[in-house]
Amino acid sequence: MPPDTHGANQEPAEPCVALKQVGKRFGSNWVLRGVDVSFPAGAVTAIVGESGSGKTTLLQLVNGMRRADEGRVEVLGEPVPERDVEAFRRRIGYAVQGARLFPHMTVARNVTLLARLEGWPEERRQRRLHELLSAMGLEADIADRYPHQISGGQQHRVGLCRAMMLHPDMLLLDEPFSAIDPINRADIYPVFEALHEREPISTLLVTHDMAEARRLADYLAIVGDGGVIQAGAREAVLEAPANATVTRLLEASA
Amino acid sequence: MRQMRAGKGKAPSLGGLLIGTLLLAFGAAAAPVSAEAARPITVASKNFPESYILAEAMAQLLEREGFAVVRRLGLGGTLICYQALVNGEIDVYPEYTGTIAEAILKLSRADAAGMGPALRAAGIEPLPALGFNNTYALAVPGQLAAERGLARISDLKHHADLRLTFSHEFLERDDGWPGLSRAYGLDLSVTGIEHGLAYQAIADGSIDGTDVYSTDGELMRYSLAVLEDDQGFFPRYLALPLVRADVDARAKFALTRLAGTIDDASMRAMNAAAVFEGESFAAIAGGFLGDAGLTETRSEGAADTTAEQPETDLERLAKEMLDNTLRHLELTAIALSSATAIALVAAFAIFRVGWLSKAVVYVAGLLQTVPSIALLALMIPVAGIGWLPAVLALLLYSILPILRNAVTALTTVDPLLLEVAKAMGLTPAQELRYIHLPLSVPAILAGIRTAAVICIGTATLAAFIGAGGLGDPIVTGLALNDTGKILEGAVPAALLAIVTELVFEAIERRLAPAHLRV
């Protein structure tokens with residue numbers, strides 16, 4: 001359980017990400033403006049909102065895939081670097097909806113690509129690969145298959161393995177379970193929880209599914225109306241929705 | 001060749017050097033070496049039997065006089081031959097006075113006398129005419145001519161019942177039937193026929209007369225009588241050697257010995273021997289030189305070479321096909337590999353800039369719409385004839401499919417995959433190396449494969465500009481209407497295309513997993 005917090009936008013004691021008066025626009029349209037929020041280290045934070053609310057943009061500000069037009073984004077205690085951003089990104093695992101495994105690489109190659117580029121010895125790569133596969137409930141013989149030869153649910157699990165290969169300091173997950181059918185999704189939640197238990201990495205989970213957010217996250221950040229409406233410990237948000245938008249989101253999943 | 005001609009001011013081309021080296025080696029081995037043989041004389045012809053035969057006669061005569069000779073036979077038409085002559089790629093070829101006046105110098109018929117000075121201004125010299133006149137003529141069955149006493153075109157006036165049928169072109173052209181009937185005051189009803197069918201029709205008696213060329217071998221085969229153009233209506237197409245002015249004076253003198261040695265009937269007989277008897281051009285020309293008493297020589301080398309080679313027809317055929325295939329392979333391989341390098345570098349340079357990619361693919365597409373034979377002809381002023389222009393033309397043709405496929409492949413990789421790669425922390429170079437490029441490889445390979453097959457097909461046309469290869473037997477076969485000869489080039493070319501497909505399939509198997517192949 002996260003530390004006891006109350007009300008809107010409370011500061012976690014030890015943030016992994018801190019946004020200070022952050023604004024981001026596309027052309028003349030401000031998607032996010034005046035965002036002042038931070039997310040706790042070591043916990044799973046769900047960033048929830050309706051389509052087009054800016055939650056993916058918020059996630060991309062964290063790994064420098066998009067740059068803030070206003071304000072400051074601090075990740076792991078430092079501003080997002082301007083230079084050598086690749087080394088920074090390798091400390092932040094990334095997985096997306098549909099898994100997006102590289103179709104020309106086997107499962108093993110997909111998962112170990114970064115480790116190869118980092119110069120990990122073969123033996124270490126194999127150990128980490130099989131550790132992750134088994135933690136994700138995948139058979140070892142899946143390693144030599146190509147993405148199109150395994151199921152959608154398996155692809156998403158492999159996607160998570162790929163994100164975690166380098167023991168990242170943070171995980172950014174953009175709707176990682178949305179494309180999975182409900183039955184497989186129910187199977188993957190406990191696996192994800194067990195993995196987080198084992199490797200408690202600070203995780204930002206973007207989702208439009210409040211039920212998923214309730215199930216997996218310790219913290220909730222509700223995005224809408226061009227900013228973060230409410231952020232805080234799960235129970236705090238559930239008990240005291242900050243406004244009607246939050247209430248509607250919560251009710252939709254009740 | 002080129003690098004030996006001083007004062008041209010052009011850097012010798014790679015092709016020129018290659019050919020020159022080969023010639024030097026060949027010349028040193030085969031020719032009875034004398035001082036004047038140091039610079040070989042290049043004899044060319046157009047791609048129809050008469051031209052081949054005349055060129056062979058000139059070549060053999062020169063060889064018997066001790067000159068080293070290079071044959072560039074079967075070039076694709078007047079434009080190509082004349083350009084090559086002016087550029088110094090060839091030294092001599094048989095041409096016709098009418099063609100020189102109308103097609104080359106664009107003189108009206110009245111100015112035909114001005115031909116000599118105009119040619120000399122271009123460094124070209126017309127040698128004395130060989131004798132025969134290969135022009136339009138009217139022919140009727142010999143028996144009919146005998147029965148009716150037909151000898152001259154004006155005789156037709158009294159035979160309005162004859163079924164005269166002319167080729168469509170002849171019926172249209174002002175120097176054809178319209179002008180002819182006016183000049184002779186002929187008022188006959190005539191019909192049109194496809195030119196290729198006219199001889200057949202006259203042979204089986206369904207027509208009584210048609211337009212012909214006066215030295216066609218068919219005239220002999222079907223025993224036709226040519227009516228004399230007693231009013232001199234048809235322009236004269238006297239054959240003569242057209243030679244570069246800077247050719248060795250002794251060589252020119254040797255060629256003048258051919259003056260007046262061939263009349264219409266003997267040219268007809270030689271054409272018939274080539275087309276209907278299947279005799280080789282070289283044998284026909286050799287026979288003619290012997291008959292004309294032009295065989296006394298200072299060396300026996302040229303005449304003896306055939307006797308020294310006791311190879312069978314099959315061996316000769318196999319050797320020729322192998323040589324042609326290797327030559328063909330060389331042309332296409334060099335063109336294709338250069339085109340691949342250029343197109344891929346270009347594709348990688350431009351694919352990130354949308355408008356530029358579109359523009360470049362568009363321009364490359366325009367290039368592809370130029371008919372291949374025209375592209376080959378356009379290459380002559382730039383690169384002369386032979387190997388180099390052929391490679392250049394093939395290269396230009398190959399660029400489009402490779403470039404277009406590469407640009408399309410690179411720009412249509414799933415953008416979300418690239419975004420994931422970037423977000424994972426791959427550098428731009430790593431993204432290209434590990435994601436972008438491998439995902440594009442199957443389509444890029446498909447482009448190269450398409451280009452390779454196009455290249456092998458188009459390279460058969462390179463024979464028209466003297467580049468050799470499998471087009472050589474095809475061009476000769478077309479000139480002779482000899483299917484067997486055509487197949488000597490067409491079958492290996494088709495096999496080469498199939499082998500190429502198989503090779504590329506093997507490469508694809510190695511480079512791309514099955515589910516990603518195009």
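**A helix crossing and its setting**

Tutor: Chain A has 9 helices and 10 strands. The model is predicted. Chain A has 254 residues, and 55% of them count as buried. Take its contacts between residues at least 6 apart in sequence: 67% join residues at least 24 apart. Chain A exposes about 10,800 Å². Carbon and sulfur atoms supply 46% of that area.

Now confidence. The predictor gives the complex an ipTM of 0.90 and a pTM of 0.69. Chain B has a mean pLDDT of 83, with 88% of its residues at 70 or more. In residues 1-37 of chain B the pLDDT is below 50. That stretch still has 47 contacts in the model beyond near neighbours in sequence. Residues 297-308 of chain B also have a pLDDT below 50. Here the model shows 8 contacts beyond near neighbours in sequence.

The close look is at two helices of chain B. They are α2, residues 49-64, and α12, residues 264-276. Their axes come within 9 Å. The crossing angle is roughly 105 degrees. An angle from 65 to 115 degrees counts as roughly perpendicular, so that is how α2(B) and α12(B) lie to each other. From α2(B), the contact uses Pro49(B), Glu50(B), Ile53(B) and Leu54(B). From α12(B) come Met267(B), Met270(B), Asn271(B), Ala274(B) and Val275(B). Sort the residues of this contact by class: 7 are nonpolar, 1 is polar and 1 is charged. Glu counts as charged, so Glu50(B) is the charged residue here. Asn271(B) is the polar one.

Two backbone details in chain A deserve a glance too. Most residues other than glycine have a negative phi. Ala99(A) has a positive one, near 65 degrees. Ala99(A) sits in the loop between β6 (92-96) and α3 (107-117) of chain A. Its relative accessibility is 2%, so Ala99(A) counts as buried. Glu175(A) is not a glycine either, and its phi is positive at about 50 degrees. Glu175(A) belongs to the loop between β7 (170-174) and α6 (182-198) of chain A. The cut-off for buried is under 20% relative accessible area. At 9% relative accessibility, Glu175(A) therefore counts as buried.

Technical notes
Residues numbered from 1 in each chain as written. Chains lettered and ligands numbered in written order. Predicted model: local features only at pLDDT ≥ 70, side-chain atom pairs only at ≥ 80, totals over all residues. Heavy atoms only, no water. pLDDT = per-residue confidence, 0-100. Contact = heavy atoms within 4.5 Å. Helix = DSSP H or I, 4+ residues; strand = E, 2+ residues; numbered from the N terminus. Buried < 20%, exposed > 50% of the residue type's maximum accessible area, 1.4 Å probe, protein only. Areas by Shrake-Rupley, 256 points an atom, 1.4 Å probe, with all protein chains shown as cover. Axes fitted to C-alpha atoms, helices over the stretch in contact; angles between N-to-C directions. Parallel < 35°, antiparallel > 145°, perpendicular 65-115°, else oblique.
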